[in-house]
Amino acid sequence: MLFSNGYTYSAHPVSCAAALKNIEIFEDDKILEHVKQVSPHFQKRLQALRKFPIVGDVRGRGLLGCIEGRPETDGTNLVEQRKLGTLLDEVCEEMGLLVRPLINMAVFSPPLIITHSEIDEMFDILENALERVTVMMED
């Protein structure tokens, strides 16, 4: 006999119970309201990273952010383009911050319960890392 609810993607009772509890926590702790409150500060700090010469673009929404390196003029050297994401990832990790490198980008998504001071700490690390990576890429 086949139990079609035996997979996590097909209404498995344990998965459904976990999802319902998660929704309850979001509502009781007003997580989404908190995200709406701290997101403008997060996005303001994110946009300030445009000042670095190695940054071509920054973009984000809510508590999602992406720093994209300035592309080469011809865009053909993928190895060089990968440097920013990899270097920024390595330097940030040394300083206690995890980002996700994707080619010439670094993507980050902090916990939804992050505070204003933790946002500042995160972006202070990103700024310091970008300063260090700028020097490294000039060498």
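Visitor: What makes E2 and E4 a strand pair in this structure?
Guide: This is a predicted model. In it, 4 bridges join strand E2 (residues 64-69) to strand E4 (residues 105-108). Pairing needs at least two bridges. The two strands therefore count as paired. They run antiparallel. Gly65 stands opposite Phe108 in E4.

Visitor: What packs on the sheet and touches E1, E2 and E4?
Guide: Helix H2 (residues 31-47) does, and its direction makes about 175° with that of E1. H4 also packs on the sheet, touching E1, E2 and E4. The direction of H4 makes about 170° with that of E4.

Visitor: What is the order of the strands in the open sheet?
Guide: The order is E1-E2-E4-E3, 4 strands with antiparallel pairing.

Visitor: Why do E1 and E3 stand at the edges?
Guide: Strand E1 (55-61) and strand E3 (100-102) each have a single partner strand, so one side of each is left without a neighbour in the sheet. From one strand to the next, the twist averages 20°.

Visitor: How do you know that the span of helix H4 agrees with its number of residues?
Guide: H4 covers residues 116-138, which is 23 residues. At 1.5 Å a residue they should span 33 Å. The end C-alpha atoms are 33 Å apart, so the two values agree.

Visitor: Which residues of H4 are buried?
Guide: Among them are Ile119, Met122, Phe123, Leu126, Leu130 and Val133. Glu127 and Thr134 are buried too.

Visitor: Which residues have the most contacts inside the largest nonpolar core?
Guide: They are Leu49, Ile67, Leu88, Phe108, Phe123, Leu126 and Leu130. The core has 30 residues. H2, E1, helix H3 (78-94), E4 and H4 each give two or more residues to this core. The largest share, 8 residues, comes from H4.

Visitor: Why is Phe123 called buried?
Guide: Its relative accessible area is 0%. Buried means under 20%, so Phe123 qualifies. Leaving aside neighbours within four places in sequence, Phe123 is in contact with Phe42, Arg45, Leu46, Leu49 and Phe108.

Visitor: Is Phe108 buried or exposed?
Guide: Phe108 has 5% relative accessibility. The limit for buried is under 20%, so Phe108 counts as buried.

Visitor: How many aromatic pairs does a search of the whole structure find?
Guide: The search finds 3.

Visitor: Why is the pair of Phe108 and Phe123 called edge-to-face?
Guide: The ring centres are 5.9 Å apart and the planes are at 80°. A pair needs centres within 6.5 Å, and edge-to-face needs planes over 60 degrees apart. Both conditions hold, so the pair is edge-to-face.

Visitor: What does the pair of Phe108 and Phe123 tie together?
Guide: Phe108 lies in strand E4 and Phe123 in helix H4, so the pair ties together parts that are 15 residues apart in sequence. Phe42, Phe108 and Phe123 form one aromatic cluster.

Visitor: Why is Ile103 called partly exposed?
Guide: Its relative accessible area is 38%. Buried is under 20% and exposed is over 50%, so Ile103 falls in between. Ile103 lies in the loop between E3 and E4. Its phi is positive, about 55°, although Ile103 is not a glycine.

Visitor: Where is Lys30?
Guide: Lys30 is in the loop between helix H1 (13-28) and H2. Phi of Lys30 is near 55°, a positive value in a residue other than glycine.

Key
Residues are numbered from 1 along each chain as its sequence is written. This is a predicted model: local features need pLDDT of at least 70, side-chain atom pairs count only at pLDDT 80 or more; totals for chains, interfaces and linings use all residues. Side-chain values use heavy atoms; hydrogens and water are left out. The expected span of a helix is 1.5 Å times one less than its number of residues. Buried means under 20% relative accessible area, exposed over 50%, partly exposed in between (1.4 Å probe, protein chains only). Axes are lines fitted to C-alpha atoms, for helices over the stretch in contact, and angles run from 0 to 180 degrees between N-to-C directions. Contact means heavy atoms within 4.5 Å. A nonpolar core is a set of buried Ala, Val, Leu, Ile, Met, Phe, Trp, Tyr and Cys residues joined through side-chain atoms within 4.5 Å. Rings of Phe, Tyr and Trp (its six-membered ring) pair if their centres lie within 6.5 Å; planes under 30 degrees apart count as stacked, over 60 as edge-to-face and the rest as tilted.
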